[in-house]
Amino acid sequence: MIKIAPSILNGNMSDIAGTIAMLNKTEADWVHLDVMDGVFVPNITFGPKTVADIRPLTKKFFDAHLMVHDPNILLEEFAKAGADLITVHYESPGCAHLDRVIQRIHDLGIKAGVALNPATPDSVLDYILDSIDLALVMSVNPGFGGQKFIPYSLRKIESIANTAAKRGLSLDIEVDGGVKVNNAAEVISAGATVLVAGTAVVAAPDPILAVKELKGCGK
Ligand code: DX5
Ligand code: ZN
């Protein structure tokens with residue numbers, strides 16, 4: 001079953017509680033938390049305090065996507081704040097020792113993911129694929145919601161899915177950026193198991209229907 005992970009980034013940032021209350025009415029499985037530091041990406045969003053404050057407002061799985069220069073200084077804080085999974089970027093300067101970063105996330109008792117920017121080949125996941133719970137394929141350049149899906153991302157999703165199948169791994173493959181009802185079916189058939197949907201859900205006139213339609217693309 002495909003999981004839908006709406007991003008609160010695309011909602012009104014002065015009313016995140018309202019966005020969470022709205023998501024609680026939908027069949028969304030996860031809440032995608034886009035954390036940006038203005039260094040790794042040209043935008044700034046929110047940190048662990050915001051996550052801790054919204055944690056009591058929903059039972060949904062918290063999927064923290066750290067688009068930051070050095071995730072190491074934030075891992076413990078996000079775990080304490082209630083993140084169920086932390087995804088770090090392969091390209092973050094603080095991930096030079098990526099294997100150690102993954103181990104640290106697991107030592108905090110939560111799941112670990114690794115994200116790849118559009119231009120990064122999935123071959124960099126070769127040695128760590130067995131140690132992660134999720135691979136995140138960025139299908140736009142990170143920093144902003146509402147961008148257009150980059151078509152070559154499909155080839156990367158397929159490649160990760162094939163390698164995982166060959167090795168008998170059951171990791172999640174999450175796709176982030178420009179996913180909509182009109183491309184969700186091909187993203188899912190390429191091998192995605194989690195769809196991030198910012199604009200497509202949070203900015204939709206009817207988010208309940210939008211989540212239903214996205215889930216329908218996986219049936
Ligand atoms: C981009 C973020 C995405 C984004 C998705 O840097 O990681 O999660 O908010 O938004 P849409 O679905 O509108 O592309
Ligand atoms: Zn994201």
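**Reading the model**

A: Gladly, starting with two strands: E3 and strand E4 (residues 85-89) run parallel and are joined by 4 bridges. Strands (E, at least two residues) and helices (H or I, at least four) are DSSP runs numbered from the N terminus. This is a predicted model, where local features need pLDDT of at least 70 and side-chain atom pairs count only at pLDDT 80 or more, while totals for chains, interfaces and linings use all residues. Residues are numbered from 1 along each chain as its sequence is written, chains are lettered from A and ligands numbered from 1 in the order in which they are written, and side-chain values use heavy atoms, with hydrogens and water left out.

Q: What is the order of the strands in the open sheet?

A: Strands of a sheet pair through backbone hydrogen bonds, either parallel or antiparallel. Two strands pair if DSSP finds at least two bridges between them. Here 8 strands with parallel pairing follow the order E1-E8-E7-E6-E5-E4-E3-E2. Strand E1 (3-6) and E2 are the edge strands, each pairing on one side only.

Q: Which helix packs on the sheet?

A: Contact means heavy atoms within 4.5 Å. Helix H5 (residues 153-167) packs there, touching strand E5 (111-116), strand E6 (134-138) and strand E7 (172-176). The direction of H5 makes about 165 degrees with that of E6; such angles run from 0 to 180 degrees between N-to-C directions, with axes fitted to C-alpha atoms, for helices over the stretch in contact.

Q: Which protein residues are donors of the zinc ion (ligand 2)?

A: Donors are N, O and S atoms within 2.8 Å of the metal (3.2 Å for Na, K and Ca); water is not among the atoms, so sites may look incomplete. The protein donors are His32 (NE2), Asp34 (OD), His65 (ND1) and Asp176 (OD), 2.0 to 2.3 Å from the zinc ion. Asp34 in strand E2 (residues 30-36) and His65 in strand E3 (residues 61-67) are 31 residues apart, a pair linking distant parts of the chain. His65 also stands opposite Thr87 in E4.

Q: Are Asp34 and His65 buried or exposed?

A: Buried means under 20% relative accessible area, exposed over 50%, and partly exposed in between (1.4 Å probe, protein chains only). Asp34 counts as buried because its relative accessibility is 4%. His65 is buried too, at 0%.
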